[in-house]
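User: I've got a model to go through. Can you walk me through the strands, then the ligand site?

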Amino acid sequence: MKKRYKIAIIKGDGIGPEIIDEAIKVLDAVSTNEDFELSYDEYLMGGCAYDVKGTPLPDETIEGCLKSDAVLFGAIGGQKWDTLPRQFRPESGLLKLRKSLGLFANLRPTSVFDELLDASTLKPEVLKGVDLFVVRELTGGIYFGEPRGSDGVKAFNTMVYTKDEIIRIAKVAFESAMKRRKQVCSVDKANVLEVSQFWRDTVIEVAKEYPQVTLTHMYVDNAAMQLVRNPRQFDVILTGNIFGDILSDEASMISGSIGLLPSASVGGKVGLFEPIHGSAPDIAGQGIANPIATILSASMMLRFALNESKAADRIEKAVKHVLKDGYRTKDLSEFNAKEICSTSQIGSIIADCVANI
Ligand code: IPM
Ligand code: MN
C-alpha cells in the first residue's frame, strides 16, 4: 500500500491558479513511480477569499491546513484589493496564516542555472557558482510587533524580538549550514537598533553549540551591497523578518528571474510552500507565467514536509534538464531559448521529464 499524503492547496489570486496547476501536474508525475500518493483539498485565501467570504483568510482555510500534511500555495494580492482596510487585504490573510500555523522559519535558496547566467542583470563571472540560502524569521519582528498604528498625525510600528524567537531561528540557520558549507552570516542593524544588538548577542550564544560552523555578522545595508558585489561569499544568511523579505527579493535576481525561486516556511505544525514572487496580476490569465518557482516549491514540500527527498531530487533534476534543453517561458525567452513555452506547456514538459528520471 502506498503512503498517502494530504496536501492543502491554496491557489490564491493573479497567476496563482495557473502556476499551482503546473506544480500539481509535476507532483502527480513524480508520485506515479514513488511509494506515495497525494490527495489535494483546495482552500481560499487572499483577494478571492475576500470576494466570496468577506475575509482574506476564512477559518475553514486554517482548519483545512491544520488537517493536512503540507500546504502548497500560489500567490495573493492585486490592485483590486489595495485600498481595503488593512485587515481585509490579501496580505493580511497570508500573515495570519503564517502566524496561525507557527511558521517561524522561512527558507529561501538561491542558486544559478548555468544556462541562465546571462539572464541576470549581473555579470556572469560574478554569478557563476552562487549557492546561498536565506533563513528569514517569519512570525516576529516589525511585521507583528506591538504597538502599531496610525492616528493621522503619526504612524508607528515596533520591531521586537524575544530571546526565544532569536534562538529558535538561529538554530535553523546553523542546522542548515551543517548540511551545507558550514558558514552563517547573520544580518542585522546592530549599529543603530537595540533589537539588532540583542539579535547579534543571542546568535553568538547559539553559535557556541555549533563549533564547526563559522559565524560572521553583517549590517543589512552592507549585506545588500555585498549581495550584488560578490554573492559567492554567502552560504547561509540568517536574518529577521523585514531584512529577510528585502534581501531575498534582491537575491532572486541572481538567478535571473524571480519566477525561478521557491520557498519553504517551516517550524510549526504544518509547512507551507510557496514561490517567492507575487501574484503578477498584469500577466494573469495569459498563460505566460513561469511556474518553475512553484514547481521547485513543491519539491521543497516533498523534502522538508514529507521527507521524500528522492522525489524532491527528481523534480529538481527535471527542472535543470528542461532548462538545459532550452525550454523557456516568456520571462526567460532571450536566454539560450530553443523553444518558448506557455505556462502549461513547460509544466507538461517538466512532468514528462520527471516521469523518466
Ligand atoms: C513575501 C511577501 C509577503 C511578505 C507579503 C505578501 C505579505 O512579500 O512572502 O516575501 O512580506 O512576507
Ligand atoms: Mn517579499
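Analyst: Start with strand β1, residues 3-12. Strands here are DSSP runs of E with at least two residues, and helices are H or I runs of at least four, numbered from the N terminus. One caveat: this is a predicted model, where local features need pLDDT of at least 70, side-chain atom pairs count only at pLDDT 80 or more, and totals for chains, interfaces and linings use all residues. Residues are numbered from 1 along each chain as written, chains are lettered from A and ligands numbered from 1 in written order, and side-chain values use heavy atoms, without hydrogens and water.

User: How many bridges join β1 to β2, and which way do they run?

Analyst: There are 8, and the two strands run parallel; β2 covers residues 36-43. Strands count as paired if DSSP finds at least two bridges between them. I10 has Y43 as its bridge partner in β2.

User: What does the chain cross through between β1 and β2?

Analyst: Helix α1, residues 16-32. This β-α-β crossover is right-handed: with the strands pointing away from the viewer, the path from the first strand over the helix to the second runs clockwise.

User: And β3, how many bridges there?

Analyst: β1 is joined to β3 (residues 70-75) by 5 bridges, again in parallel. I9 sits opposite L72 of β3.

User: Switching to β5. Why is it called largely enclosed?

Analyst: Because 6 of its 7 residues, in the run 131-137, are buried. β5 pairs antiparallel with β4 (residues 105-111) over 7 bridges. With β10 (residues 236-239), β5 pairs in parallel over 4 bridges.

User: Which bridge partners does R136 have?

Analyst: N106 pairs with R136 of β5. In β10, the partner of R136 is T239.

User: Now the ligand. Which residues surround ligand 1?

Analyst: E91, R98, R108, R136, Y143 and D245. To be near, a residue needs a heavy atom within 4 Å. That shell splits into 1 nonpolar, no polar and 5 charged residues.

User: How far are the arginine side chains from its oxygens?

Analyst: R98 places a polar side-chain atom 2.7 Å from a ligand 1 oxygen. For R108 the distance is 3.0 Å. R136 has a side-chain N or O atom 2.8 Å from an oxygen of ligand 1.

User: How much of ligand 1 does the protein cover?

Analyst: 77% of the 320 Å² of accessible area that ligand 1 has on its own, by Shrake-Rupley with a 1.4 Å probe.

Technical notes: Polar contact = N/O pair within 3.5 Å; in protein donor to acceptor, adjacent residues only side chain to side chain. Nonpolar A, V, L, I, M, F, W, Y, C, P; charged D, E, K, R; others polar. Buried < 20%, exposed > 50% of the residue type's maximum accessible area, 1.4 Å probe, protein only.
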